[in-house]
Amino acid sequence: MKNRKLLTGPYLFWAASFIIIPLLMIVYYGMTDKEGHFTFMNLARITTPENLKALGLALLLSFISTLICLILAYPLAMILSEKSVNQTSFIVLIFILPMWMNFLLRTLAWQNLLEKNGIINMILEFFHLPDQTLINTPYAIVLGMVYNFLPFMVLPIYNVLSKIDKDVIFAARDLGANNMQTFSKIIFPLSIPGIISGITMVFVPSLTTFVISDLLGGSKILLIGNVIEQEFKQGSNWNVGSGLSLVLMIFIIASMALIAKYDKDGEGTAF
Amino acid sequence: MSNKLIDIVNITKSFGENVVLDELNLYIRENEFLTLLGPSGCGKTTLLRILGGFETPNSGDIIFDGKNINNLPPNKRQLNTVFQKYALFSHMSIAENIAFGLKIKGKTKGYIQDKIHYALKLVNLEGYEDRTPDSLSGGQQQRIAIARAIVNEPKVLLLDEPLGALDLKLRQDMQYELIRLKNELGITFVYVTHDQEEALTMSDTIVVMNQGYIQQIGTPEDIYNEPQNAFVADFIGDSNILPATMVEDKVVKMLGATWQCVDVGFGRNKPVDAVIRPEDIDLVKPEEGIIEGVVTHLIFKGVHYEMEVLANNYELLVHSTDMFPVGTEVGIKVDPFDIQIMKKPESEDAEAVGIEE
């Protein structure tokens, strides 16, 4: 038994040096000013109008993106779960394939497509249609979020749906439920753990992203992620950046608490 | 036990190349406990699923109470199914599970409450209303599945190997429970199993199936005592199936000797198969038997001894409460009514003979 405990050593070392210590450092920076005195000022910086606006916009856009992902992903996951395993693995591959490409590259590709002189406007021009302002809009950011994070919504829902015993669905039909009732009373409630974990897996990265808003939103649209990035890189104010990060963490922890409440058996988080 | 309730006419079902049911005909009477018995892959579950409406036959008709229900979806059929793995709704309490069908039909709250209470009492699980399916044992879950089906007052209850996942003792208890339920409810049970003992214990009628064909239909006694072909004889209980020649009515030649039997109508000097159940072979002193043999194996099975006796180059399986040690020379006797004569299968596909009712 002792030897086995020894084997956990590298993981403990990893966890300590790359998870716990950095987290403590963020807490330290977030709770101190430049001279190292304890303060709540950094946390309070969230209340400035600009930062509140950035947080509000980030919450709004993440919420919209998550909703769109859910609407797109659920039917897809249902179709996938009804296919045989051979067919599914191919379709799942198609969906995962873009994820193997660099995240930055994918977003840059959208930048090229949406730009003022980008590919979409070129095509519009070719047909003598008026130019559209696509880039540097909240819509472009939402598009980027949906495109990048959609697979994270599809997979947990697919995972849960494909685990539902066909006989359970037959049983509902057998007891008199029509297709709609079977869906609303059986399939949907049973898939909630997958939906919850899909929502977190899309909502959390959407809320904290700064790359997507940077590339597709220009410098005009600031999300809370951009504000934090600027504090660290341009303002070199690690204290304020950490403070804002801590505030963001509270939002994320709240959403995790929500999962823990609904996803009791942890099925949805299998992915 | 009189009227035909379900008439299954010329049902054929295939999955791709694989023909699961071939021109199958069967009728099920009111209040009957009918068991579809056969090895896995014989088509029994497919037939049940066609009755339930979960599979569509390629051709043929299902007539229920005089009406063709081929195109009726499962939710419109007057029958309910108990699934092999219970298929309870894990996100609902026991009471909600049982109430599911009634709520969909728009019954009143009071009616539903009464029904839940009645059904739980019927399956001996009173007071389990607020438990979740996960917190129940396999046997309890199965009883809830039965309760959930019967509250809808179906004319027919379809049961798909409902006891398959339970251990032996529980299975035996549940067999009696099911017989009691069937008698109390007075409805038709169609029961699918591969367990011959289950079939013999509970059924009014057993339908033995193999490779998509019905092999024999009859009461448990008929099926056990008078199997119509080698497959049925082999599948139901242990048996010795011996090549034999019918010399004339009531006289058969096998194991190098001539035996008296009770079967008639096979013609003269016709090759046949003879079935003798292991418990019907009497071992006696060598000079008292019709033929002689030597005991080659002996196993104690609890209720009886199982022996193999070598006689004229045939290994005979014998069950007896008397013990004969290995090497003992014995005489072999069989009462005439314990020899069951069967026609030799005509086709090569010996096990899959379609027979006329």
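Start by selecting the buried residues of α9(A), which pack against α10 (179-208) of chain A together with α1 (44-52) and β6 of chain B. This is a predicted model, in which local features need pLDDT of at least 70, side-chain atom pairs count only at pLDDT 80 or more, and totals for chains, interfaces and linings use all residues. Residues are numbered from 1 along each chain as its sequence is written, while chains are lettered from A and ligands numbered from 1 in the order in which they are written.

**Helix α9 of chain A**

Helix α9 of chain A covers residues 166-174, and its buried residues are Phe170(A), Ala171(A), Ala172(A), Arg173(A) and Asp174(A). Buried means that 20 or more other C-beta atoms, placed from the backbone, lie within 10 Å of the residue's own. Helices (H or I, at least four residues) and strands (E, at least two) are DSSP runs, numbered from the N terminus.

**Where the chains touch**

Next, show the contact between the chains: 15 residues come from chain A and 16 residues from chain B. Two residues are in contact if their C-beta atoms, placed from the backbone, lie within 7 Å. On the side of chain B that touches chain A, β6 (79-82) and α2 (94-104) each supply at least two residues. The most come from α2(B), with three residues. Colour this side of chain B by class to find seven nonpolar, seven polar and two charged residues. Here Ala, Val, Leu, Ile, Met, Phe, Trp, Tyr, Cys and Pro count as nonpolar, Asp, Glu, Lys and Arg as charged, and the others, Gly among them, as polar.

**Chain B as a whole**

Select chain B, which has eight helices and 20 strands. Its C-alpha atoms fill a box of roughly 75 × 45 × 35 Å, taken along the principal axes. Chain B is divided into domain 1 (4-225) and domain 2 (238-343), with bounds from an automatic or database domain assignment. The C-alpha centres of these two domains lie 39 Å apart. Of the 357 residues in chain B, 40% are buried.

**The cores**

In the largest nonpolar core, of 104 residues, those touching the most other members are Leu51(B), Ala145(B), Ala147(B), Leu157(B) and Val252(B). A nonpolar core is a set of buried Ala, Val, Leu, Ile, Met, Phe, Trp, Tyr and Cys residues joined through C-beta atoms within 7 Å. Helix α4 (residues 138-150) of chain B gives this core its largest share, six residues. Each of domain 1 and domain 2 of chain B contributes at least three residues to this core. Another core of 45 residues lies apart from it and includes Ile135(A), Phe152(A), Ile196(A) and Val227(A).

**A sheet in chain B**

Finally, select the open sheet of five strands in chain B, with the order β15-β19-β16-β17-β18 and antiparallel pairing. Strands pair if DSSP finds at least two bridges between them. β15 (281-284) and β18 (314-320) of chain B are at the edges with a single partner strand each, so one side of each has no neighbour in the sheet.

Zoom in on β16 (residues 291-300) of chain B, which is joined to β17(B) by six bridges. Across this pair, His297(B) stands opposite Glu308(B). The hairpin of β16(B) and β17(B) has four residues between the strands, and Gly302(B) in the turn has a positive phi of about 100°.

Move on to β17 (residues 305-311) of chain B, which pairs with β18(B) over seven bridges. Val309(B) has Leu316(B) as its bridge partner.

Notes:
Buried ≥ 20, exposed ≤ 12 C-beta atoms within 10 Å, placed from the backbone.
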